[in-house]
Amino acid sequence: MYPVEVLYTKTPESDYFAASVKTVLQIHVEEKPGDVLLFLTGEEEIENACYEIRDEVKKLGDSVGPISVLPLYSSLPPQSQNRIFDDPPAPNKKGIPGRKVIIATNIAETSLTIDGIVYVVDPGLSKQKVYNPRLRIESLLVSPISRASAKQRAGRAGRTKPGKCYRLFTEKSLEKDLQENSIPEIQRSNLSSVVLNLKKLGINDIVHFDYMDPPAPETLMRALEQLNYLGALDDEGELTDIGYKMAEFPLDPLLSKILLSASVQYKCVNEALSIIAMLNVPNVWIRPKDQQEQSDRAKAKFSHPDGDHLSLLNVFNTFKAKDMDADWCW
């Protein structure tokens, strides 16, 4: 909507976290009123940055305006997420206006718009989900963003009035090190559910199907292997009766197989259903930075020697026993 001035560092930053905190403090001390949006990669990093910025501003006292530092990441409880839409703090005794600083993951890149953002600080990194078909492991890795993402982040500063975007990398790095676009999710995900759904739709030639962004053949082969092992596909690659039922569930094929077959065989449908439901909602544990020991003690009451799945079942069963009381959950 409005022009955004983009500023780069002269040399590459060795510690992007320290540079991010320093840039936010510099903006707060020297720049005109306007809220700041800082992009970082994950919950722990965001909470540490909030703590450091609050601490540094406290040391500056009344010589600068009051500041409200708010984290934003997907596992944050909804009431805490909504605080990002509050007004910035009122001016201090000297009449210096307050400022709001939001420290977010790439959730704030496209998913929502926060009015009043004038300054964006972009270290050029984000966490991306990556699937390794050989190990069959999905992990979150910190990796450089794409040029398209960098442009999207800068655009957040020009929504309500002209803004500035501070990129904590060099202009040369933008051209040389960043890809044009992010790698599509289909190329870095486990494709078992995708293959199962395509088979259910009657598309038999999975490998030569006209994907917009074709995934790696190895990932497709691993997905077919896994579905065959689970009994969803026969040795000819055709959908079996149980495979057809598994495709009806909006779940990972491993979980739908447990629900439809294994839990019946071992006579534990009720328990399996509770555990799978618990695995498909946001994390039930909240561990605030200032109450970590209390949180760990509370969590320890439910821990089971046989692992996290049975710990989750303990939580669910106790919740039912306490008449589903929200105060008990807290």
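Helix 12 (292-300) gives the largest share of the lining of the largest pocket, six residues. The model is predicted: local features need pLDDT of at least 70, side-chain atom pairs count only at pLDDT 80 or more, and totals for chains, interfaces and linings use all residues. Residues are numbered from 1 along each chain as its sequence is written, and side-chain values use heavy atoms, with hydrogens and water left out. Helices (H or I, at least four residues) and strands (E, at least two) are DSSP runs, numbered from the N terminus.

**Largest pocket**

- A pocket is an open set of points on a 1 Å grid over the protein atoms alone, with protein on both sides within 12 Å along at least five of seven lines; a cavity is a set where a 1.4 Å probe fits but cannot get out; lining residues have an atom within 4 Å of a point.
- Grid points are joined across faces, edges and corners, and a volume is the space filled by probe spheres set on the points.
- The largest pocket holds about 1800 Å³ of space.
- It is lined by 40 residues, and Val 284, Trp 285, Ile 286, Arg 287 and Pro 288 are the closest to its centre.
- At least two lining residues come from each of helix 2, helix 3 (78-81), helix 12, helix 13 (308-321) and helix 14 (326-329).
- By class, the lining has 19 nonpolar, 10 polar and 11 charged residues.
- Nonpolar means Ala, Val, Leu, Ile, Met, Phe, Trp, Tyr, Cys and Pro; charged means Asp, Glu, Lys and Arg; the others, Gly among them, are polar.

**Second largest pocket**

- The second largest pocket has a volume of about 460 Å³.
- Of its 18 lining residues, Thr 41, Ser 74, Asn 106, Lys 127 and Leu 140 lie nearest the centre.
- Helix 2, strand 6 (125-132) and strand 7 (137-144) each supply at least two lining residues.
- Strand 6 gives the largest share, four residues.
- This lining divides into four nonpolar, nine polar and five charged residues.

**Cavity**

- The count is one cavity of 30 Å³ or more.
- The largest cavity has a volume of about 30 Å³.
- Its lining is Leu 37, Ala 108, Leu 112, Ile 114, Ile 117, Arg 156 and Arg 159.
- Five of these lining residues are nonpolar, none polar and two charged.

**Helix packing**

- Axes are lines fitted to C-alpha atoms, for helices over the stretch in contact, and angles run from 0 to 180 degrees between N-to-C directions.
- Angles under 35 degrees count as roughly parallel, over 145 as roughly antiparallel, 65 to 115 as roughly perpendicular and the rest as oblique.
- Contact means heavy atoms within 4.5 Å.
- Helix 1 (residues 16-30) and helix 2 (residues 43-60) have axes that come within 10 Å and cross at roughly 40°. Helix 1 is therefore oblique to helix 2.
- The contact of helix 1 with helix 2 has 10 nonpolar, two polar and three charged residues.
- Helix 10 (residues 253-265) and helix 11 (residues 269-279) pack at about 170°, with axes 9 Å apart. Helix 10 is therefore roughly antiparallel to helix 11.
- The contact of helix 10 with helix 11 has nine nonpolar, one polar and no charged residues.
- Helix 7 (residues 192-200) and helix 8 (residues 217-229) have axes that come within 9 Å and cross at roughly 75°. Helix 7 is therefore roughly perpendicular to helix 8.
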